[in-house]
Amino acid sequence: MEERPSIIKVRYKSTNCYFLTACGGLLAFDAGWPGTYRAYKDGLREQGWSVKDIRWLIVSHFHLDHAGLAGVLVENGVEFVIFPVQLGAIAEMESLIARKGMPYQAIDREKIRRVEIADSRAWLARIGILGEVLHTKGHGEHSVSLLLDSGEAFVGDLTPESMVAEDDALSKASWALLRGKGARVIYPAHAQEFVLLF
């Protein structure tokens, strides 16, 4: 088991998709826009990897720029791990995509793997990653972050701490949770990574 996985970033259409090296393949965090599988594959190939290296997928939340390719990846044999707080959001995202008439591969509910957030550390350890998934609902009730024991946190669309409104209790609580658990370097979905100041 490695102490700190390598982090690969693929950015296209203003969204960062991250990949972590694990035992026998890559763990993908977020899965881009519907209908953009070619750009996703090309971006990963430019980093020296192939989509065939992706073995597992977690998404920060079910907005179309974060989970739009999840169905395609599932059909290609990727194990899609979903947490109970996220289950209800799949239908909302798919309904929006349908209304927009975007090309899209639906997520086969029979092929997803449900993992309790409390069990995320054990699941990650099985694939060689030291860390845990946290319920960071500042961006929405179904949002999660992935925090590595080495201090890297992948936070999706969580509002940057410096921009959190005074009355935004959920975002404040999310950042307090991340800080309390040891987050040091933040990897957001739409900006450059940054170091948390203490």
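A: Buried means under 20% relative accessible area, exposed over 50%, and partly exposed in between (1.4 Å probe, protein chains only). By that scale Ser60 is buried, with a relative accessible area of 1%. This is a predicted model: local features need pLDDT of at least 70, side-chain atom pairs count only at pLDDT 80 or more, and totals for chains, interfaces and linings use all residues. Residues are numbered from 1 along each chain as its sequence is written, and side-chain values use heavy atoms, with hydrogens and water left out.

Ser60 sits in the loop between strand 4 (54-58) and helix 2 (64-67). Helices (H or I, at least four residues) and strands (E, at least two) are DSSP runs, numbered from the N terminus. The side chains of Ser60 and His61 are joined by a polar contact of 2.8 Å. Such a contact is a pair of N or O atoms within 3.5 Å; within protein, one must be able to donate a hydrogen and the other to accept it, and residues adjacent in sequence count only if both atoms are side-chain atoms.

Contact means heavy atoms within 4.5 Å. Not counting residues up to four places away in sequence, Ser60 touches Phe29, Asp30, His66, Gln86, His142, Ser143, Val144 and Gly156. Of these, Asp30 is also in contact with Tyr40.

Tyr40 leads on to the nonpolar packing. A nonpolar core is a set of buried Ala, Val, Leu, Ile, Met, Phe, Trp, Tyr and Cys residues joined through side-chain atoms within 4.5 Å. The largest has 32 residues; Phe19, Tyr40, Ile54, Leu57, Phe62 and Phe80 touch the most other members. Apart from it lies another core, of 20 residues, including Leu27, Trp56, Phe83 and Trp123.

Val144 and Gly156, both touched by Ser60, fall within strand 8 (144-148) and strand 9 (152-156). Five strands form an open sheet in the order 7-8-9-10-11, with mixed pairing. Its edge strands are strand 7 (131-135) and strand 11 (194-195), each pairing on one side only. Two strands pair if DSSP finds at least two bridges between them. Strand 10 (residues 185-188) and strand 11 run antiparallel, joined by two bridges. Val185 stands opposite Val195 in strand 11.

Helix 6 (residues 169-180) lies across strands 7, 8, 9, 10 and 11. The helix runs at about 165° to strand 7. Axes are lines fitted to C-alpha atoms, for helices over the stretch in contact, and angles run from 0 to 180 degrees between N-to-C directions.
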